[in-house]
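Try each task first, then follow the solution step by step.

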Amino acid sequence: MTTPQRQSPTPLEIDSARARARAVREMFSAIAPRYDMLNHLLSLNVDRRWRHLAVDRLAWDTRPAGRYIDVCAGTHDLALELARRPAFAGNIVAVDFSLSMLRQGISKIEGRPIAPVCGDALQLPLPSERFDGAMVAFGIRNLADVDAGLREILRLLSPGARLVILDFAMPTRPLFRRLYRLYFTRVLPFIGRLISKHSFAYNYLPESVLEFSNPAELSTRMIAAGFTDVQWKLITGGAVCIWWGVRAALEPNGVEDGLR
């Protein structure tokens, strides 16, 4: 499979990406103290179930003593979901570009095999082909360059390792879609502003979801980045989606299957 050629970004695109990254980092740092409470409240606590289902797709049990990475880790909830699995015997690197978010969740990972790292998902300070799996929960759409982020995650994975992405989607059933949009664009921002005391963070959330790639589009972008066996599954009536894909395994002759 050949990967489409991508032109180098222009200086204007670079400046725009940097401004977006800075704004998103500052926003998440500002809401860090109330982030966990709002996640559980606004999702009616279903977010715990979403993370459980995402980790189920990681196929970690094939490499229970492996090394895993949680990208856009926030306050470590997804990493904790993996670390708490009874048969898990590996370790997890939890990366986020907001130091405030990582610090907010630090008490939750005491005694767990989770190492927080503050870094940019587009340029991770980590060696190539060292991880047996990667996860991203509700973070991929926040990247200044989604395609570059997918390629960076691919770089970190060892052959045969899997990436799992968990994020919001838009329900396809008309009635549920209308109710969902009403809640997402009216109720959620009001509650978010009231509790977080942040003027626009919870307006950004529905706006970013509405602008985000639909499930089929993100799957195509994963394939273009170099992932194989890409699949996706809608859950909770289509309000949330789980994507997964694999870094192609090496064939005996040293050529990556599917990337020839």
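**Exercise 1. In which helix do Glu 152 and Arg 155 both lie, and how many residues apart are they?**

Before you start: this is a predicted model, in which local features need pLDDT of at least 70 and side-chain atom pairs count only at pLDDT 80 or more, while totals for chains, interfaces and linings use all residues. Residues are numbered from 1 along each chain as its sequence is written, and side-chain values use heavy atoms, with hydrogens and water left out.

Solution. 
- Step 1: Find helix H5, residues 146–156; both residues sit there, three residues apart, about one turn of the helix. Helices (H or I, at least four residues) and strands (E, at least two) are DSSP runs, numbered from the N terminus.
- Step 2: Check the pairing. Glu 152 makes a salt bridge with Arg 155, with the closest N and O atoms 2.8 Å apart. The term stands for a side-chain nitrogen of Lys or Arg within 4 Å of a carboxyl oxygen of Asp or Glu.
- Step 3: Look at accessibility. Glu 152 counts as buried at 11% relative accessibility, and Arg 155 is partly exposed at 25%. Here buried means under 20% relative accessible area, exposed over 50%, and partly exposed in between (1.4 Å probe, protein chains only).

**Exercise 2. What is the strand order in the open sheet of seven strands, and which strands stand at its edges?**

Solution. 
- Step 1: Reading across, the order is S3-S2-S1-S4-S5-S7-S6, with mixed pairing. Two strands pair if DSSP finds at least two bridges between them.
- Step 2: S3 and strand S6 (227–235) each have a single partner strand, so one side of each is left without a neighbour in the sheet.
- Step 3: S6 pairs with strand S7 (residues 240–247) in the antiparallel sense, over seven bridges. Ile 235 has Val 240 in S7 as its bridge partner.

**Exercise 3. Which residues have the most contacts inside the largest nonpolar core?**

Solution. 
- Step 1: Recall the term: a nonpolar core is a set of buried Ala, Val, Leu, Ile, Met, Phe, Trp, Tyr and Cys residues joined through side-chain atoms within 4.5 Å.
- Step 2: The largest core has 46 residues, and those with the most contacts inside it are Leu 82, Ile 92, Ile 114, Leu 166, Phe 168 and Tyr 202. Helix H1 gives the most to this core, with eight residues.
- Step 3: Zoom in on Leu 166. Leaving aside neighbours within four places in sequence, its contacts (heavy atoms within 4.5 Å) include Trp 50, Val 136, Phe 138 and Ile 242.
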